[in-house]
Amino acid sequence: MTLEALAEKYLSDYKVNRKISSYLTVKNRICKYITAELGALPISEITPLTIKEWQNRLAVTGISQSMIRSINVSFSAMMNFAVKYFNCPSNPFQKTGKTGKIRKKINFLEVDEFMKLESVIDNAYDKLVFSILFWSGMRIGELEALTAEDIDFDSNTISIRRTYLHAIKVMGPPKTSYSIRNITMPEFMMEDIKEYLDSLPVQPEYPFMLHPPTTMRARLTKYTSLAGVSRITLHDLRHSHASYLIQQGVAITAISKRLGHSSPAITLNIYAHVYKDNDTEIAQMIEKDFKRASKTP
């Protein structure tokens, strides 16, 4: 059996057990980076050396470390499938391991840093997009998938019902069922959104897809440099919103729901470092409350 034939069987099984967006993402990953290069090889000839040489070539393609890691994970899972169902003697990844790094450090901007960033943005659309991401915590794909019908100016809410899947360039359901949610926005933000929508000569179906994420990422990098603040990604604006809510003492359950996480435990796991950074403030708060209580007759 060739690797390409194995991939077809693996993806057929994967499609049955996963949501369609996950299936399409993994299929694109396997076809573009794995079978396109190694598809003609019989799986019996895929050795640890084959994997190692493939990993070395993948490392110099210029794609991100997290994407390299994801591709490795998909390849290894496919080889485990071969071991389990097609008598492949072993998974070569057991010897080579997986390359690529999982991003652990989360970068975010404080409110005053974001205001400094906003002050150097000379493009109204850019300022609006970055502000929505910072003050809502939504994902960039969720913002791009918004239609005018998703925005309720009477209740100041934005409904998240779908997301744009960049890897496969299609609209699809949100990341999980918990990501389907309504986000209440501050009035100043809704006023800016209404002004933008009213200014459009023709109302597009998706008014926040004026530029692709690659363009917006490049512009964000330029603006952070001009403002003299930490370099962040589009997704870091979501992290900035979560960190802001945590520092304001918002309940973790409310933050989890606003972000569209499946449970508060996931939110805590992602943002545990923010709580650790506030450890000194917590001690000071306890000291203050203890002294006040001690003076109460």
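I began with how elements are assigned: helices (H or I, at least four residues) and strands (E, at least two) are DSSP runs, numbered from the N terminus. What I have is a predicted model, in which local features need pLDDT of at least 70 and side-chain atom pairs count only at pLDDT 80 or more, while totals for chains, interfaces and linings use all residues. Residues are numbered from 1 along each chain as its sequence is written, and side-chain values use heavy atoms, with hydrogens and water left out.

**Entry: Ser 256.** I located Ser 256 in helix H12 (residues 252–259). Taking contact as heavy atoms within 4.5 Å, and leaving aside neighbours within four places in sequence, I found Ser 256 touching His 261, Ser 263, Pro 264 and Thr 267.

**Entry: Ala 36.** For contrast I looked up Ala 36, which is found in helix H2 (residues 20–38) and counts as exposed because its relative accessibility is 60%. From Ala 36 to Phe 114 I noted 78 residues in sequence and 43 Å in space, C-alpha to C-alpha.

**Entry: the chain.** I noted 14 helices and five strands, with C-alpha atoms filling a box of roughly 75 × 60 × 40 Å along the principal axes. Buried residues make up 41% of the 297 residues, and among contacts between residues at least 6 apart in sequence, 64% join residues at least 24 apart.

Entry: The expected span of a helix is 1.5 Å times one less than its number of residues. For helix H4 (residues 65–85), with 21 residues, this gives 30 Å, and the end C-alpha atoms are 30 Å apart, which agrees. The buried residues of H4, which include Ile 68, Phe 75 and Phe 81, pack against helix H1 (3–17), H2, helix H3 (48–59) and helix H5 (93–96). After H4 comes Asn 87, with a positive phi near 60°.

The 14 residues of H11 should span 20 Å, and its end C-alpha atoms are 21 Å apart, which agrees. Eleven of these 14 residues are buried, so H11 is largely enclosed by the rest of the structure; among the buried ones are Asp 236, Arg 238 and His 239. Gly 249 follows H11 with a positive phi near 80°.

**Entry: cores.** I took a nonpolar core as a set of buried Ala, Val, Leu, Ile, Met, Phe, Trp, Tyr and Cys residues joined through side-chain atoms within 4.5 Å. The largest has 35 residues, and those with the most contacts inside it include Leu 117, Phe 130 and Phe 208. Among the elements giving two or more residues to this core are helix H7 (124–136), strand E2 (157–160) and helix H11 (234–247). H7 contributes the largest share, eight residues. Apart from this core lies another of 26 residues, among them Ala 7, Ile 43, Ile 46 and Cys 88.

Leaving aside neighbours within four places in sequence, Leu 117 is in contact with Leu 109, Leu 220, Tyr 223, Thr 224, Ala 227 and Val 229.

Notes. Buried means under 20% relative accessible area, exposed over 50%, partly exposed in between (1.4 Å probe, protein chains only).
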